[in-house]
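Dear colleague,

I am passing on the structure we spoke of, and below it I have set out what I found on going through it. Please read the notes with the coordinates open beside them.

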Amino acid sequence: MEICDIATLILWNMKKIALPFLIASTLLFSAFTAFNAAQWKIAEDYSIKFSSKDPSGVFNSLKGEIVFDPNDLAAARFDVVVDVNSINTGNGMKNKHAKSEKWFDAAIYPDIKFKSNKVLAIADAYQAVGVLEIHGISKEFTMPFTFANSTFKSSFDVNRLDFNVGTTEGMSAKVPPTLKVDVTVPVTR
Amino acid sequence: MKKIFIHSLLAGVLAGIASLVYNHFYCAALMVDFSKVIGFAAVLGSSVFGTVIAGLGYYVLWRKWGVKVDVWFNAIFILLSLISFMGPLIARLPLEVLSPELFVGATIPMHLFPVIFWLALKPIFGQETKG
């Protein structure tokens, strides 16, 4: 066998190997692209507001992972963390009080977490069903939300007593058990 | 009356300037910004307003108590200044203002400047002798 025959044989074999490899790579790459298409980054101008008769305020820190495609809710996933220490009620003493052991106990429980288990479509909106953890207590929680113009919006009520945040005694009684939470999270690719 | 008015006006202006200087150094040292809440005009205006109102009070009390006015007026002015500490303590700042816990330290000393400058200038202006 001459050298040019050997080279031809090698090239032919390479073609045989390369073609399936090329197809597999393309499929893999497509799948990866599809996965990325559903993944979102949290933009900086998000807001997490809570309101009641008194207090009202915001949390200024939100991190986490959002995977959401309206056409593929089975793959949707929310795994987000709010930093309790980023609370701002507009009053320094209230902030300090909120972080203290009587309320959120931020030294021991620095995070509020929400992790979805499933996402459902309800009419024009969605529901993220998962586990909400506040003050070290985890409860199943359904978070309604909408998604439009690359922005997630959600409004829901949280009963602080469900998570042992404060009590109904003494000065704590002045804080309503249920606080309204409004979340707006713009996202980017 | 004119002497009381000039006394109160001057005390207010000096208190305002002292407050602005203090606020500048406080905010620079602690890297906070309360300019949305306590700007130049608000600090100076409230200092002058406070001392002019105090001057009016002084005039009314002087008409009533005569030469004894200073004893009572000083006590009332100091007491009201101390009570005014409640303002910064219970104030609810706009939520975009960060570190509201440092607001108290920025503003409470300012509440003392009007009475300090009123008392500091008192020997210069002396007692009111005619209405």
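In this predicted model, helix 1 (residues 2–30) of chain B packs with helix 2 of chain B at an angle of about 150°, their axes lying 8 Å apart. Since angles over 145 degrees count as roughly antiparallel, helix 1 of chain B and helix 2 of chain B are therefore roughly antiparallel to each other. The crossing of these two helices, helix 1 of chain B and helix 2 of chain B, is right-handed, and their contact, sorted by class, has 15 nonpolar and ten polar residues but no charged ones.

Helix 2 of chain B, which spans residues 40–65, also packs with helix 3 of chain B, residues 69–83, here at an angle of about 145° and with the axes 9 Å apart. This crossing of helix 2 of chain B and helix 3 of chain B is again right-handed. From helix 2 of chain B, the residues A54(B), Y58(B), L61(B), W62(B) and W65(B) meet V69(B), W72(B), F73(B) and F77(B) of helix 3 of chain B, and by class that contact has nine nonpolar residues, with no polar and no charged ones.

As for chain B as a whole, there are six helices and zero strands, so that the order of elements from the N terminus reads α-α-α-α-α-α. Taken along the principal axes, the C-alpha atoms of chain B fill a box of roughly 50 × 25 × 20 Å. Of the 131 residues in chain B, 26% are buried, and among the contacts in chain B with a separation of 6 or more, 79% are accounted for by residues 24 or more positions apart.

Turning to where the two chains meet, the contact takes eleven residues from chain B and nine residues from chain A. On the side of chain B that touches chain A, the residues divide into nine nonpolar and two charged, with no polar ones.

Conventions: Residues are numbered from 1 along each chain as its sequence is written. Chains are lettered from A and ligands numbered from 1 in the order in which they are written. This is a predicted model: local features need pLDDT of at least 70, side-chain atom pairs count only at pLDDT 80 or more; totals for chains, interfaces and linings use all residues. Two residues are in contact if their C-beta atoms, placed from the backbone, lie within 7 Å. Ala, Val, Leu, Ile, Met, Phe, Trp, Tyr, Cys and Pro count as nonpolar, Asp, Glu, Lys and Arg as charged, and the others, Gly among them, as polar. Axes are lines fitted to C-alpha atoms, for helices over the stretch in contact, and angles run from 0 to 180 degrees between N-to-C directions. Helices (H or I, at least four residues) and strands (E, at least two) are DSSP runs, numbered from the N terminus. A crossing is left-handed if the near helix is turned anticlockwise from the far one by less than a right angle, and right-handed if clockwise. A residue is buried if 20 or more other C-beta atoms lie within 10 Å of its own, exposed if 12 or fewer, and partly exposed in between; C-beta atoms are placed from the backbone. Angles under 35 degrees count as roughly parallel, over 145 as roughly antiparallel, 65 to 115 as roughly perpendicular and the rest as oblique.
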